[in-house]
Amino acid sequence: MNDRQEQHLNLLSQMDEQIVEEVTVERYARVRGLARRKKIRWISILASAACLFLLFSFGLNIFQFLGFFKQVPVYEGMTVSNEFSGAEQADLRMTTVMPMLEFAAGGGQNAEPPKLPHGSKPLEEVVKSTLQVEGSGEPLYYAEPNQDIYITVHIDNPDKFEILSFTLNGEKYSSYMFEEGSDMENLVLKINVGDAQPCEILTYTIDAIKYIDGTEIKDVRMKGDDTVQIGITPDVTVTEETGVQSLSLTVTPTEPHAPSSKDLIEISTVLYDGETLIEKKTIVLADSAVTVTFEGLDEKTVYQYGIVALYRATVRVLAEKTVMTLPFVEFTDVSRDHYSCKFRLQWYGENTGTSLALYQEDTFVQELSVDDTVVDALKVGIPYRLVLTYTDGDTVKTVELEIPIYGYSPVKNGEISKKYSPKLQLFNQTTMDYRVHLGCDITATDDPNVYAVAGRIVEIMTDGSLGKLVAIETSNGDTFYYKSLGSIADGLSVGQSVSFGQVIGTVGSSLAVESADPPHLHLEIKDANGQYVDPAIYMDDSY
Amino acid sequence: MKKQDNQKEALTVSDTAIIELYWQRNEQAIQATDRKYGVYLYRIACNILRDRLDCEECVNDTYLTTWNKIPPERPGALQLFLTKIARDLSIDRYRKNKAARRVPSELIVSLDEMEHSIPYDDAASEEALRHLVELINRYLQEMSKEDAFLFVCRYYYADSVEYIAQLQKVSKPTVYRSLARLREGLRAFLEQEGIRI
């Protein structure tokens, strides 16, 4: 606001208050009256519009009832399927060729089908983009020679005029020739593609669809595509043979004649690694089989091969499969017991092993011979791995075997009630003080038996303060002390060998310094150097 | 039905009852004020401010100011009381809001109409301005009720010509002519009283 406006505003704001009050009251009343009138006007407008609408709808229905404003049927297109049961159809576009082909398994394949890396594209898409195959006129449907197909003609026919006939490839088909289950909006016709050449493309064109309106025969209006194309697929069988760095494919046509079609450019075998199409080899399908070999592949790697027919404007994958090349060498026939592990080295390449070593996690344990098939002196509950070193040409490679852990369960379904604690002092319920705990207390739940580790009994004791005890020395020098036993099994003696899992007693509270604890096994383990170790690392995953 | 009930309730809730609620510090006072005068006050703000949000904030500020003023005040005419607060707050906001000033409001348009009817003197004394106010009010008191309604709606409330035409149930040209007549009459009156325009 400029100064003049400000001054005038100031003056006019000081109008006579009584007059302003009178005008304010009058103004308020008129404003409310105006609002009321506006509301009434809107209600009238809406009511009028509603009446008009009802009138119009009623009139429209009358006209339609009397036969005015009927909609001419409109042809919208055709679809093709390989079966028709009236309600559902199997769309030929969704049918893959895979179930039609036979595969002979090659050698060295895993039981589980191998998979390409996550995110890999479909082979057909990769072939199209790599070979830059694109264009219109792509056949959307495929069939085999002499196969029956069902062509459905779709018509938008809300007034349900009777469709009299249509012409397909110049041949007239009347309504009595339609399949049972057809209606006036979906006309289904069964035809046979005939003895078409493999890879040939058949074209079906529809026109002159007639319908009856009263006593007149009229033409359906044509709107959708009047043509469908059907590609005839050749029937082939494929066998593959995988090597360490190679893949051989033998492709045999089922039909004893070479496929030919003016639209076909070539038939090829392609190889895909999940990222790129790494190789394409053209083949000529004749009367006999043709073999193609891809070489220079990586060992133990998943690849997908395909037999593809390349047309002028499209690609058809006739067969595809994912395989894995063989490893150079692998560990097989692996079995483990509590102190040893048996295995076998299967060489798919040349035997070029230079060393075989045993590791306990990252710690080297011992060197073996590459010809060995067993490793001994393993401890229960410890993870081991075997590492084989070999050469592949100029490259030094390794392959590893994770040796299954063999766990030990001194009390079945037992629970650790107090852990091994060589440094941190734990509260002792019996002595009511804090002291280190050099063993592991295990309580029983449903089975009070104590099960031994395999070895030789070196001590049996029943003592007032140490309670009932059995000590077993294992073949690798560890000594297991079973303390706080409630009872010792009959017939045990020092020097006796016990087997893995043999019952040597029951849990109890015979250890004086733990007598206030519930019945349990107090298990201590000393290694070959006389050092206490945590018994839990020997135990299985149930603890 | 609830809206109708509320409207009926609003009509029957007198200004006295609303003022009493303010005195009792009952928050229902603000709700009652909003139901009865909310739209009315919004219109007053819109004549001065164009922005919808500014107008809504102004109305809310009016309620807050009223809440703070009553008590200790006990206005005899609640409607006029609210009107003045809303008008003053709207004008203040208009002065401060640069964005609002870019679009001339109806208030400015109405003030510009008075350019040739009321004198402007940037050096005028307080006494001279008071005298001018007296003269304008004398002119106002001599008007007919309908003319006074027209004059106050346009130059106090800054109602648009179109809106005044709806309130008076006349055409816009009629309102334009009447306003021109009143402005000319004011000019003549002031000149007659020795004021130079």
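The legends below describe close-up views of a predicted model.

**View 1. The interface of chain B and chain A.** In this predicted model, 52 residues of chain B are in contact with 31 residues of chain A. The two chains bury about 3,900 Å² between them, and 64% of that area is on carbon and sulfur atoms. The rule finds 16 residue pairs in polar contact across the interface, both residues being at pLDDT 80 or more. On chain B, the touching side draws at least two residues from each of α1 (2-12), α3 (28-48), α5 (78-96), α7 (106-113), α8 (126-141), α9 (145-155) and α10 (161-168). The helix that gives the most is α5(B), with 8 residues. By class, the residues on this side of chain B are 31 nonpolar, 8 polar and 13 charged.

**View 2. A salt bridge between the chains.** A:E17 and B:K84 form a salt bridge in which the closest N and O atoms are 2.5 Å apart. Across the interface of chain B and chain A, 5 salt bridges are found.

**View 3. Packing of α3(B) against α5(B).** The crossing of α3(B) with α5(B) is right-handed. Residues from α3(B) in this contact include B:Y37, B:L41, B:I44 and B:I48. Among those they meet in α5(B) are B:L82, B:A86, B:R87 and B:Y94. The contact is made up of 11 nonpolar, 4 polar and 1 charged residues.

**View 4. A salt bridge between two loops of chain A.** The side chains of A:D478 and A:K379 form a salt bridge, with an N to O distance of 3.7 Å. A:D478 is in the loop between β33 (467-473) and β34 (479-488), and A:K379 is in the loop between β24 (374-375) and β25 (384-392), so the pair ties together parts of chain A that are 99 residues apart in sequence. The search of the whole structure, over all chains, gives 34 salt bridges.

View 5. B:I70 and B:P71 are joined by a cis peptide bond with omega of about -15 degrees. B:P71 lies in the loop between α4 (52-69) and α5. The bond from B:P71 to B:P72 is also cis, with omega near 15 degrees. B:P72 is likewise placed in the loop between α4 and α5 of chain B.

**View 6. A positive phi at A:M432.** A:M432, a residue other than glycine, has a positive phi, near 55 degrees. A:M432 sits in the loop between β28 (421-428) and β29 (433-437) of chain A.

Definitions and conventions
Residues numbered from 1 in each chain as written. Chains lettered and ligands numbered in written order. Predicted model: local features only at pLDDT ≥ 70, side-chain atom pairs only at ≥ 80, totals over all residues. Heavy atoms only, no water. Contact = heavy atoms within 4.5 Å. Buried area = accessible area lost by both parts, 1.4 Å probe. Salt bridge = Lys/Arg side-chain N within 4 Å of Asp/Glu carboxyl O. Polar contact = N/O pair within 3.5 Å; in protein donor to acceptor, adjacent residues only side chain to side chain. Helix = DSSP H or I, 4+ residues; strand = E, 2+ residues; numbered from the N terminus. Nonpolar A, V, L, I, M, F, W, Y, C, P; charged D, E, K, R; others polar. Left-handed = near helix turned anticlockwise from the far one by under 90°.
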